[in-house]
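Q: Could you help me learn to read a protein structure, one feature at a time?

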Amino acid sequence: FPVTINTVNVYAGAQETVDSPIQWQGPFPFRPGIDNEVFPNVTGRLLAVRFETTDDTYWKLDGYDVEVDVVGAY
């Protein structure tokens, strides 16, 4: 039987080095079956994404897409 998840909280973050802490932004609420995307805006050398729900429903993330725009000199 299909399971309905109310909201998945998406967090986006960045860090300058592998040893530096991730600076998280969010949550960006995502409602499966209703929303198609979220629009976090983070900058940094190393990017991170985190998905979280607050209920105890078992769910599985089949995949996600990320669009990255390069800013500044590289």
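Q: Where is Val68 found?
A: Strands are DSSP runs of E, at least two residues long, numbered from the N terminus. Val68 is found in the segment after strand S3 (46–52). This is a predicted model, so local features need pLDDT of at least 70, side-chain atom pairs count only at pLDDT 80 or more, and totals for chains, interfaces and linings use all residues. Residues are numbered from 1 along each chain as its sequence is written, and side-chain values use heavy atoms, with hydrogens and water left out.

Q: Is Val68 buried or exposed?
A: Buried means under 20% relative accessible area, exposed over 50%, and partly exposed in between (1.4 Å probe, protein chains only). Val68 counts as exposed because its relative accessibility is 54%.

Q: And Gly33: where is it found?
A: Look at the loop between S2 and S3. Gly33 counts as exposed, at 82% relative accessibility. Between the C-alpha atoms of Gly33 and Gly63 there are 15 Å, although these residues are 30 apart along the chain.

Q: In which order do the strands form the sheet?
A: Strands of a sheet pair through backbone hydrogen bonds, either parallel or antiparallel. Two strands count as paired if DSSP finds at least two bridges between them. Here, three strands make an open sheet in the order S2-S1-S3, with antiparallel pairing. Strand S2 (23–30) and S3 are the edge strands, each pairing on one side only.

Q: How many bridges join S1 and S3?
A: Strand S1 (residues 8–15) pairs with S3 over seven bridges, in the antiparallel sense.

Technical notes
Helices (H or I, at least four residues) and strands (E, at least two) are DSSP runs, numbered from the N terminus.
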